[in-house]
Amino acid sequence: MAQVILALGSNEGNPKENLDRAITALKELGTVKEVAPYIVSKPEGYPAQTDFVNTVLIFSTPYAPLPLLKKLKALEKELGRVPTFPNGPRVIDIDILFYDNLVLFEDDPQYPLFIPHPRIEEREFVLKPLSYILPEYIHPKLGQPVYMLYRKLMKKKGTPTCRIL
């Protein structure tokens, strides 16, 4: 079983209920070990939409990275995600942040996969909840613990923009 850290986000309908349904559905693909507090964040890239509710969770699964990604994309669709545009509104978004300690790039045209997820160190809405459940986790590519990445980001940004729901 691999230890995987997933990020979940939603900003359509009832985002908290969407996340709850996704977490329940994930139990068919493995074991949800711990869920971080839900946080509210402003949208990035396309600000003319409602705020997102986000969380991260620790998950163990027997699936290899690419088959897991394909199953997660199918699950998103099953839960009501409709493709829009990058950074656009969504019922549910599930991303693989980390998969064990792998550093991996799969150049599948339909399902490109970057592990660890790119630009985590720039995303408060990922680092803040991750700091609650895995502050000492060492980013396998950057070689720094999550809490340090969060501190660096906050020092750079100044004021936190995410809040606990």
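Predicted model: local features only at pLDDT ≥ 70, side-chain atom pairs only at ≥ 80, totals over all residues.
**Notebook: cores, salt bridges and a pocket**

I began with the largest nonpolar core, which has 29 residues, and Leu-6, Leu-8, Leu-26, Phe-59 and Ile-96 have the most contacts inside it. My rule for a nonpolar core: buried Ala, Val, Leu, Ile, Met, Phe, Trp, Tyr and Cys residues joined through side-chain atoms within 4.5 Å. Buried means under 20% relative accessible area, exposed means over 50%, and partly exposed is in between (1.4 Å probe, protein chains only). Strand 1 (2–10), helix 1 (15–26), strand 4 (52–61), helix 2 (65–78), strand 5 (93–99) and strand 7 each give two or more residues to this core. I took helices (H or I, at least four residues) and strands (E, at least two) as DSSP runs, numbered from the N terminus.

Residues are numbered from 1 along each chain as its sequence is written, and side-chain values use heavy atoms, with hydrogens and water left out.

Next I looked up Leu-6. Leaving aside neighbours within four places in sequence, its contacts (heavy atoms within 4.5 Å) include Leu-26, Phe-59, Leu-72 and Ile-96. Another core, of 22 residues, lies apart from the largest one, and Ile-58, Phe-98, Val-146 and Met-154 are among its residues.

**Two single residues**

Leu-130 sits in helix 3. I count Leu-130 as buried because its relative accessible area is 0%. Not counting residues up to four places away in sequence, Leu-130 touches Ile-5, Val-56, Phe-98, Pro-135 and Val-146. I also checked Leu-130 against Ser-10: they are 120 residues apart in sequence and 17 Å apart in space, C-alpha to C-alpha.

Then I found His-117 in the loop between strand 7 (113–115) and helix 3 (124–133). His-117 has a relative accessible area of 18%, so it goes down as buried. With residues up to four places away in sequence left out, His-117 touches Asp-95, Ile-96, Leu-97 and Arg-123.

**Salt bridges**

I searched the whole structure and got eight salt bridges. One counts when a side-chain nitrogen of Lys or Arg is within 4 Å of a carboxyl oxygen of Asp or Glu.

- Asp-51 pairs with Lys-42, with the closest N and O atoms 3.4 Å apart; Asp-51 is partly exposed at 30% relative accessible area, and Lys-42 is exposed at 53%.
- Asp-93 pairs with Arg-90, with the closest N and O atoms 3.3 Å apart, and both residues are buried.
- Arg-119 pairs with Glu-122, with the closest N and O atoms 3.0 Å apart; Arg-119 is partly exposed at 43%, and Glu-122 is partly exposed at 40%.

Shared partners join Lys-73, Glu-76, Arg-81, Arg-90 and Asp-93 into one salt-bridge network.

**The largest pocket**

I noted about 1200 Å³ of space in the largest pocket. A pocket here, on a 1 Å grid over the protein atoms alone, is an open set of points where a 1.4 Å probe fits, with protein on both sides within 12 Å along at least five of seven lines; lining residues have an atom within 4 Å of a point. Of its 37 lining residues, Lys-73, Arg-81, Arg-90, Asp-93 and Asp-95 are the closest to its centre. Strand 5 gives the most to this lining, with five residues.

Terms used
Points joined across faces, edges and corners; volume = space filled by probe spheres on them.
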